[in-house]
Amino acid sequence: MTNKLYLTIITLSISLVPISAGNRMSLDDVIHAARHQSVKALEARQAFISTYWAYRSYKASRLPSVYLRGNIMSFDRSLNLLQNPDDGSLKYVSSNNLQNDLSLTVNQNITFTGGTLSVSSDLSRIDQFGDSKSLTWYSRPVTVSYYQPLFTYNQFKWDKKIEPKEYEKGKRNYLEAMEAITINAVYAYHNLLLAQMNNEISQSNFRNSGNMLRIARERQLLGTVTKADCLQLELRMLNDSISINETAVQVKEAQMTLNSLLGYDESFEIVPDLSAELPDIRMDYDLVMEKSLSNSSFILDNQLILLNAESDVAWAKASRGFSFALNARFGMSQTGSGLPQAYQDLLDQETVGITFSIPIFDWGLGKGKVQKAKAAQEVAKARVQQTENDFRRQMFTAVSQFNTQRQQCLVSHKAMTIASERYELTMHRFREGNASVTDLNMAQTENDSALRQYISDICNFWTYYYRLRQYTLYDFISGHDLEIDINEMIL
């Protein structure tokens with residue numbers, strides 16, 4: 001191969017290799033950036049904020065509500081058709097008045113019974129114009145009302161059971177989403193690291209193949225290396241030159257993927273840092289199960305499935321057509337031509353009654369609703385039991401994978417060191433004429449494979465670790481549960 005051809009290959013090979021020094025970032029740096037500025041992190045925060053305010057609305061519904069209502073300056077000048085109650089005759093009567101009324105009402109939902117207690121105060125004034133001018137005040141200083149549905153679905157009761165769990169599930173979903181973002185960052189980070197390492201390997205192999213080819217040509221003149229060996233090295237060098245361009249494209253794609261995850265534009269170049277330090281942790285299956293069942297959203301999901309199924313049964317029973325409701329009201333009222341007179345010698349008012357509706361024939365409609373809800377409840381119970389069994393198996397697999405992965409990383413690191421030493425030794429032996437081209441190619445292939453395997457094992461180690469954190473919402477390194485700063489989230 002001529003020097004001109006060598007120069008052409010080298011020029012093509014390095015044309016896509018980045019020349020910028022880049023921004024060196026560790027895995028922790030990338031994880032921090034992903035959890036704070038990625039689009040997925042923003043979506044997770046907004047989803048939690050929505051859940052937070054939904055829970056705040058529920059809490060507000062359990063507190064007294066105060067309403068001020070009024071009808072101000074309602075002027076009426078018209079003809080109204082009225083019927084004489086004595087003889088049934090109809091005639092138009094002129095109406096010319098001005099009405100004003102104001103009321104203040106306090107409502108309180110009663111969770112235990114499902115009823116509503118109200119206390120109100122009302123005042124109204126009617127100004128009559130025309131030939132018979134008059135002024136009338138009407139006051140109800142205090143009116144206490146209570147509405148109680150009987151034998152019906154108590155929405156307040158079920159909200160009290162379900163809404164707090166929904167809120168807690170929202171918090172755990174947010175924490176799990178952040179761990180999922182971390183896992184994606186780990187994968188993208190090591191994918192970029194592997195791509196850059198492959199590019200460096202291609203460049204190193206290209207240089208080594210060129211050196212070995214030069215030595216082989218010299219030994220060919222001495223008759224110790226065949227032409228076929230030289231052609232094999234030349235082919236390997238050409239393949240390495242192609243690999244440089246291919247891996248350079250892979251580096252750019254991996255860089256853009258990681259930048260997209262972190263919220264950077266494509267001009268931002270990240271240089272990953274391969275760290276061989278791994279935490280000395282061994283997962284205990286019992287601890288993992290304990291934390292996953294107490295911290296993760298899995299157990300809350302199952303509880304909510306069962307609660308909603310039970311709620312549906314209660315609703316079906318209450319909606320079979322039977323309807324009973326108690327209405328009670330007590331108050332004081334008075335009228336007068338002046339405001340003081342409207343509050344003197346108050347008269348009491350009491351109203352109590354029960355309304356009901358009972359189906360005589362519904363042709364099994366109500367019973368069908370109940371049986372359908374009960375059947376769905378049994379299916380929900382079976383599915384929950386099945387998911388719990390699958391979850392325990394999933395936890396066992398995750399723990400086993402992690403506990404073996406650290407040892408795998410140590411083995412692959414040792415294999416990488418041995419393969420590198422063997423490759424260097426084989427190149428030295430080739431220079432001295434004690435190794436064949438086949439030996440050299442095999443040593444190079446094994447060296448490249450060992451390095452890629454080590455990076456892959458490191459990626460798997462951190463992926464398994466953060467997946468266990470996602471399952472348990474527990475930091476195994478610091479030894480505490482993952483928490484959320486609500487004040488920081490909603491400000």
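Which residues line the second largest cavity? Asn-208, Ser-209, Met-212, Leu-233, Arg-236, Tyr-423, Leu-440, Asn-441 and Gln-444 do. Keep in mind that this is a predicted model, where local features need pLDDT of at least 70, side-chain atom pairs count only at pLDDT 80 or more, and totals for chains, interfaces and linings use all residues. Residues are numbered from 1 along each chain as its sequence is written, and side-chain values use heavy atoms, leaving out hydrogens and water.

**Cavities**
- Searching the whole structure turns up two cavities of 30 Å³ or more (a cavity is a set of points on a 1 Å grid over the protein atoms alone where a 1.4 Å probe fits but cannot get out, and lining residues have an atom within 4 Å of a point).
- The second largest cavity comes in at about 30 Å³ (volume being the space filled by probe spheres set on the points, which are joined across faces, edges and corners).
- The largest cavity has a volume of about 40 Å³, and its lining is Thr-143, Arg-329, Phe-330, Gly-331, Gln-349, Glu-350 and Thr-351.
- Strand S7 (323-336) and strand S8 (347-357) each give at least two residues to the lining of the largest cavity (strands are DSSP runs of E, at least two residues, numbered from the N terminus).

**Positive phi**
- Met-73 isn't a glycine, yet its phi is near 55 degrees, a positive value; Met-73 sits in strand S2 (residues 65-83).
- Met-73 is exposed, with a relative accessible area of 56% (exposed means over 50%, with a 1.4 Å probe and protein chains only).
- Asp-345, also not a glycine, has a positive phi of about 50 degrees.
- You'll find Asp-345 in the loop between S7 and S8, exposed at 66% relative accessibility.

Note on methods
On a 1 Å grid over the protein atoms alone, a cavity is a set of points where a 1.4 Å probe fits but cannot get out, and a pocket is an open set with protein on both sides within 12 Å along at least five of seven lines; lining residues have an atom within 4 Å of a point. Helices (H or I, at least four residues) and strands (E, at least two) are DSSP runs, numbered from the N terminus. Buried means under 20% relative accessible area, exposed over 50%, partly exposed in between (1.4 Å probe, protein chains only).
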